[in-house]
Amino acid sequence: MATKAASPNVANVTAGHRTSSRTIALMIIGLALILVAPFLIYPVFVMKVLCFALFAAAFNLLLGYVGLLSFGHAAFFGGAAYITAHAIKQWGYPPELAILLGTGFAAVMGVVFGYVAIKRQGIYFAMITMALAQMFYFFCLQAPFTGGEDGIQGVPRGKLFGFIDLSNSLNMYYFVAAVFIIGFLFIWRVVHSPFGSILKAIRENEQRAVSLGYRVNRYKLGAFVISAALAGLAGSVKAIVFQLASLTDVGFQMSGEVVLMTLLGGIGTLMGPVVGAVLVVSLENYLATSSLPVPVVIGSIFVICVLLFRRGIVGEFNAWMDRKRG
Amino acid sequence: MTEPLLQVKGLQAWYGESHVLHGVDLQVHRGETVTLLGRNGAGKTTTLKSIMGVLRKRQGEIRLNGKDLMGLPLHQIAYAGLGFVPEERGIFSGLSVHENLMLPPKVADGGFTLDEIYHLFPNLAERRNSQGTKLSGGEQQMLAIARILRTGANILLLDEPTEGLAPVIVQRIGDVIRALKAKGMTILLVEQNFRFARKVADRFYVMEDGHMIDTFTADELEGRMDSLNETLGL
Amino acid sequence: MVTVFGISLPALMGQLLIGLINGSFYAMLSLGLAVIFGMLRVINFAHGAQYMLGAFFAWFLLRYAGIGFWPALVLAPLGVALVGVVIEKVLLSRIYNLDHLYGLLLTFGLALVIEGLFRHWYGTSGQPYSIPSTFQGAFNLGFMILPKYRAFVIVASVIVCLTTWLLIEKTKFGAYLRAATENPTLVQAFGVNVPRLLTLTYAIGAGLAGLAGVLAAPVYQVSPLMGQNIVIIVFAVVVIGGMGSIMGAVVTGYVLGLVEGLTKVFYPEASSTVIFVIMVLVLLVRPAGLFGKE
């Protein structure tokens with residue numbers, strides 16, 4: 001169908017299967033950058049980037065590889081952040097257990113939200129996820145343990161596995177880096193697994209996947225839960241890095257932000273969400289010190305991306321490389 | 001011969017990347033009924049859609065009454081005098097029979113009046129308040145033709161009006177077309193049903209693989225039956 | 001004093017009235033959303049921003065030109081409709097042949113820009129807009145006090161919804177719209193200027209949001225955030241009702257407003273989430289929505 005051909009999935013038709021030497025090379029360069037970054041740039045900034053990059057990569061698993069636009073991923077990110085922060089601060093959990101709890105919570109929430117949302121497709125799916133996340137936002141606004149407008153502040157970072165002191169910023173940094181790398185490689189594995197191929201088949205032509213005998217809704221739900229859990233992992237780690245979980249993390253602007261990172265970087269490309277996260281986080285850091293209103297700039301980028309730049313930076317780069325090769 | 005009403009020269013058309021018409025020439029004169037023959041996929045419907053402008057990826061020359069239609073946006077082509085009855089009939093389910101009938105704007109004077117139309121199609125008058133798609137296939141086809149008669153279009157493009165209809169209904173459609181001819185209407189018809197086409201057409205074009213391969217009048221039909229049998233697989 | 005389930009009757013009626021007022025706005029907004037979606041296949045996230053614009057335009061007219069409520073009731077929606085024309089012609093018309101998700105993304109970005117600008121200029125605190133003098137005061141109905149302006153809002157919203165419904169179901173313009181929803185190419189082949197129809201439809205939808213905004217100005221305050229909060233609720237309303245039916249969207253809007261009001265009386269903690277909970281229940285039982293056809 002003509003409309004499908006121009007869908008968000010265009011970019012990944014070219015990007016999906018390529019595990020070429022180029023990708024490997026890029027990954028090695030990326031790994032090296034991550035390892036040396038804290039000596040070059042303010043570590044908290046890099047940690048923020050890594051958390052959001054993982055968040056965006058998790059979101060992209062759903063949009064880029066199954067074609068489902070969730071406009072409510074902040075619920076998983078922020079929900080996990082609350083659980084982790086609460087578990088550490090009120091229950092005295094060690095960080096690894098608190099993160100596990102937060103991630104598990106996001107996964108369970110993913111099952112519930114996913115089960116409801118996949119009853120509808122396309123635009124309705126987006127609206128339903130948005131409404132579900134808003135419901136969760138109001139819940140967090142009222143629930144006593146979230147601290148209302150203040151959020152949960154001053155979360156102690158604690159000792160990882162009982163002996164790695166995360167209040168040391170380099171320790172914290174390499175822990176975040178490890179989580180990011182594991183999460184990213186996991187997504188990469190999923191995308192290139194037989195499960196990932198079926199997801200892509202569903203994205204290309206859902207009816208055909210159904211007629212081939214796949215229980216499409218199970219695969220969609222599976223992808224949704226994986227995506228929600230990884231978004232939760234990112235949120236949990238973020239809560240420890242910033243020692244804070246707040247309403248900002250569950251608001252619809254946060255859901256929009258992760259959409260923007262993915263769109264800007266390149267929907268359906270593995271590196272796109274990472275690139276998008278770097279750009280958006282840097283931009284917000286810059287705007288924080290300027291007088292320009294952040295939502296106006298973010299909104300303008302949204303509009304420009306949709307009108308002129310739908311493949312995103314990595315998508316355009318891939319297309320350019322392909323043209324160069326002929 | 002006088003200047004043809006519809007003049008098509010070197011018409012090419014594409015569906016996406018695939019090139020389906022390779023330089024089609026055809027002419028329709030005022031008051032004539034011309035039928036495009038050809039097998040499935042020969043390019044008959046594509047030719048009609050390209051003339052109407054519903055298919056936008058096209059090249060060549062299309063003139064109606066000397067007026068160039070090629071550069072016009074779709075909604076202005078109807079005002080040049082073309083009336084379109086698509087293959088899938090295009091009856092709107094959200095509209096009543098009457099609303100369907102009244103939908104196309106008048107593009108010129110001299111169209112049929114509502115009374116004349118309801119006289120010609122009494123079934124439609126009876127069911128004027130039904131939902132458009134609740135009609136039978138034959139009635140929907142009548143409605144699709146009827147609604148274009150009101151507009152004052154001076155040439156009708158009919159795409160497979162008899163497709164999937166029972167013989168009685170086909171006969172009825174034949175009567176309608178003859179009535180329109182008697183009124184001096186010009187008709188360009190795409191038809192798979194050769195037996196139907198030979199009863200109504202004044203002239204024929206034969207298409208194959210996106211080319212016009214032959215044209216002849218109704219009088220010359222007998223002499224072409226052998227070659228027609230071969231191209232059409234009758 | 002008369003009580004119902006232990007709640008005093010005036011308190012119950014008061015909350016029902018607030019619910020009905022909210023419902024009036026849900027109805028008008030989901031109506032516009034459904035009209036736009038039906039024709040353009042775009043989910044207009046900027047609908048909340050256009051509602052906010054309507055309220056602000058009325059406030060501008062009063063503050064900078066001394067133009068009062070009644071002229072503003074016409075002028076402000078026209079202004080918003082004009083903004084809609086520009087948005088459709090400059091932005092939306094470029095993305096019709098793309099996946100519908102892009103429409104949501106584009107209008108989401110637009111909403112951020114518009115609301116961000118107003119927030120930048122006017123902060124988050126609301127500006128008061130006083131009730132027109134005709135509707136100062138209240139009716140005493142015996143069992144409850146009914147402020148005149150609130151009664152007017154309810155009546156006005158019913159009139160607006162009915163008029164829009166008549167426009168779509170009973171006029172030639174409406175027939176074009178309904179037909180173009182099914183097969184825009186054929187309608188255009190008949191000689192109807194469909195691109196202009198699209199622009200007009202978006203303008204009407206935006207104008208409806210603007211009109212709701214003007215009506216809302218004296219009830220709530222005129223605030224840059226007023227649309228942000230309501231738009232997602234209206235999305236839920238539209239999912240519950242199903243966007244196939246204009247009447248469905250309207251009725252669902254009023255009913256959910258009432259349900260919200262009732263929840264405030266009996267279980268206030270859930271009043272901000274009840275509509276979303278209903279959405280979940282409806283999706284589980286009837287995924288196409290209450291009035292959906294799919």
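B:Asp175 is partly exposed in the predicted model, with a relative accessible area of 39%. The side chain of B:Asp175 meets that of B:Arg178 in a salt bridge, with an N to O distance of 3.2 Å. Both residues belong to helix H7 of chain B, where they lie three residues apart and are therefore separated by about one helical turn. B:Arg178 is likewise partly exposed, its relative accessible area being 36%.

A salt bridge is also formed between B:Arg198 and B:Glu222, with N and O 3.0 Å apart. This pair links distant parts of the chain: B:Arg198 is located in helix H8 (residues 194-200) of chain B and B:Glu222 in helix H9 (residues 221-233) of chain B, a separation of 24 residues. B:Arg198 has a relative accessibility of 34% and so counts as partly exposed, whereas B:Glu222, at 56%, is exposed.

In a further salt bridge, B:Lys183 is paired with B:Glu116, and the closest N and O atoms are 3.1 Å apart. Distant parts of the chain are again linked, as 67 residues separate the partners. B:Lys183 lies in the loop between helix H7 (167-182) and strand S8 (186-190) of chain B, while B:Glu116 is found in helix H4 (residues 114-120) of chain B. B:Lys183 counts as exposed because its relative accessibility, 52%, is over the 50% cut-off. B:Glu116 is partly exposed, with a relative accessible area of 32%.

Over all chains, the count of salt bridges comes to 13.

How values were computed. Residues numbered from 1 in each chain as written. Chains lettered and ligands numbered in written order. Predicted model: local features only at pLDDT ≥ 70, side-chain atom pairs only at ≥ 80, totals over all residues. Heavy atoms only, no water. Salt bridge = Lys/Arg side-chain N within 4 Å of Asp/Glu carboxyl O. Helix = DSSP H or I, 4+ residues; strand = E, 2+ residues; numbered from the N terminus. Buried < 20%, exposed > 50% of the residue type's maximum accessible area, 1.4 Å probe, protein only.
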